[in-house]
Amino acid sequence: MCGIVGYIGDKLVAPILLEGLSKLEYRGYDSAGIAVCDENGVTIEKAVGKLENLYKKTDNGTTISGTKGIGHTRWATHGKPTEENAHPHKSERFVLVHNGIIENEEFLRSKYLKGVNFVSETDTEIIPWLLDKFTQSGEDTEMAIRHLMSEIVGSYALAIIDRENPDVLYAVKNKSPLLIGKGEGFNMIGSDSMAMIANTNMFFEIHDKEYVVITKETVKIYTQYGKLIDRAPFKAELDLSDTEKGTYAHFMIKEIEEQPAVIRRLIQKYADENGDISVDKAIVNDIQSCDKIYIIACGTSYHAGLVGKQLFETMAKKPCDSYIASEFVHNTPLLSEKPFFIFISQSGETADSRAVMVKVKAMGHKILTITNVKGSTLSREANYTLLLHAGPEIAVASTKAYTAQIAVLAILASTVAKEPGLDIKYELSKVANVIETICSESETYKYLAEKYLKNARNAFYIGRCVDYYVCLEAALKLKEISYIQAEGFAAGELKHGTIALIEKGTPVIAIITQENINLNTRSNIEEVKARGAKTLVISTSSLSSHNDKIVIRDVHPLLAPIVSVVPTQYIAYYAALCKGRDIDKPRNLAKSVTVE
Ligand code: M6R
């Protein structure tokens, strides 16, 4: 979703802002803009569409002088992607960029802003005018910011320029992510560390309802009531090369091929001093003593949660269910007596998941977050965190985070299991090796994707049990980047209605990795074949039949989803490639979904 960057220092700021915005492109956006201050005032430039339009308009930022500025990539919520609606927005005195949504916009307009001529359709534009209003009534800038925070309801990360305080930038946060980057002789604002990593790897976390006063030498963080907070910066484990795609054509293919390394890294990171896999005992005790595990997540992370249910129930004999966060928040099921919550989120910033976290935290339940981003909101607000150690995932389509999520869930479930079960370290090493073999066969997936999907309008993935969960993920991947309408379906359920959609040439891809359902799924393949479907089977070698086109080496059946998903990631990638799609930044989508 929207991205923010800000800089105050001695360097020409526009190129820094543009570079920061380019590192935020992965979040999804449809327009961009920057505001830069020099001794003559504030220059604002905006462009609709790709960031390169803004690069062109400003000759790579070189046409604008000034060493303090803010920038923004906008993912439209209120109003179309136009220059008027693009940020920064301004009043007479203030210029600012905003991530989030102001919920009481109408009320504030009628209370304070009658007679103001707004130029955009955005909720954001009220904010600089409110600051104008408050400062005109005699408040200084910080008082006006505190006043603003007491009036606006909703989510907001703001970077603010006050024309009357040229040596200062202000930042404000509630619910939307925001970090401050600490440099030598400069400081920065960013909606995530990627926007700033080319300049610094030291960051201050900013919590909800805090504001920050930033000069090139100092960063002062305050509560909403003006109390100064003493907070040390932290060092990010990220470096610039992690955010670049090197020789790969797209981040997605790079991230697919990083998966063996990610699994091996996890084995290493979760090994204790004896080399045995272990997890914080407090987490294990809490899960052992709970009566049900509730997994909360969205999208791909929800699909990993479904596999997690299988792992906890089979390995640890704990009842478990995985829930879609945006449903759970408004339709909360009757909870068991002693629930334990696991939130799964690559970004750790997903607003839907956070809304549930706020709710269950208020009920006093214990929470674990499994995330890729250390220090993210969902991590900070949980009792415990387990990291995915997958490195930054930049393609909108999640791949390595999904497999890392299942691997961490498997590590956790096997640690919670009281009976000695599978040797998780050995089994995960095997998984890493098998994924490596799959990656070496990418040409086969390319050929099959072109053959089955190049001209397809719709497609099905079918499977049973845990294979069905992988089908849901495989279909999501295919649809989000190729725009082929794809559905993941429980193979046995097709005949209850959906089989009516099968016609001559409909691609149906089946996944078979579990012995107990092998023959059942094969019967379902015959049913769709008889109705004209073009079928393709992905199976494990011990269950394969001579017609199966993708046969993957056997791993422990409980870990099969980590490997069976990989060919489907390739298929989605190559289907999108042959259709000429924007693979890393599919239309309408954002990487980090920070609005509900
Ligand atoms: O960052 P999160 O894991 O919380 O994101 C949740 C979903 O938005 C995400 O998994 C989405 O479905 C994927 N990008 C799809 O590939």
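Which residues of helix α3 (residues 105-112) are buried?

Analyst: The model is predicted. In helix α3, the buried residues are Glu105, Leu108, Arg109 and Tyr112. Around the helix axis they cover an arc of only 105 degrees, which puts them on the same side of α3. The general rule behind such a pattern is simple. An α-helix has 3.6 residues a turn, so residues three or four places apart point the same way. The cover over the buried residues of α3 includes one strand, β6 (94-102), and the helices α4 (126-136) and α5 (141-151).

An assignment divides the protein into domain 1 (3-240), domain 2 (248-438) and domain 3 (441-596). Between the C-alpha centres of domain 1 and domain 3 the distance is 43 Å. Nine residues from domain 1 and nine residues from domain 3 take part in the contact.

Another part to look at is an open sheet of five strands, in the order β17-β16-β18-β19-β20, with parallel pairing. At its edges stand β17 (320-324) and β20 (384-387); each has a single partner strand, so one side of each is left without a neighbour in the sheet. From one strand to the next, the twist averages 20 degrees. The partner of β17 can be followed in detail. Strand β16 (residues 292-297) pairs with β17 in the parallel sense over five bridges, and Tyr294 has Asp321 in β17 as its bridge partner.

Two helices lie across strands of this sheet. Helix α11 (residues 351-362) lies across β16, β18 (339-345) and β19 (366-371), and runs at about 160 degrees to β18. Helix α13 (residues 400-416) lies across β16, β18, β19 and β20, at about 155 degrees to β18.

The largest nonpolar core has 103 residues, and within it Phe312, Ile342 and Leu412 touch the most other members. At least three residues of this core come from domain 2 (248-438), and at least three from domain 3 (441-596). Leaving aside residues up to four places away in sequence, Ile342 touches Ile287, Ile293, Tyr294, Ile295, Ile296, Phe312, Leu368, Ile370 and Leu412. One of these, Tyr294, has already been named as the bridge partner of Asp321, and Phe312 and Leu412 are the residues listed with Ile342 as touching the most other members of the core.

Conventions
Residues are numbered from 1 along each chain as its sequence is written. This is a predicted model: local features need pLDDT of at least 70, side-chain atom pairs count only at pLDDT 80 or more; totals for chains, interfaces and linings use all residues. Side-chain values use heavy atoms; hydrogens and water are left out. Buried means under 20% relative accessible area, exposed over 50%, partly exposed in between (1.4 Å probe, protein chains only). Helices (H or I, at least four residues) and strands (E, at least two) are DSSP runs, numbered from the N terminus. The arc is that of the directions from the helix axis to the C-beta atoms. Contact means heavy atoms within 4.5 Å. A nonpolar core is a set of buried Ala, Val, Leu, Ile, Met, Phe, Trp, Tyr and Cys residues joined through side-chain atoms within 4.5 Å. Domain bounds come from an automatic or database domain assignment. Two strands pair if DSSP finds at least two bridges between them. Axes are lines fitted to C-alpha atoms, for helices over the stretch in contact, and angles run from 0 to 180 degrees between N-to-C directions.
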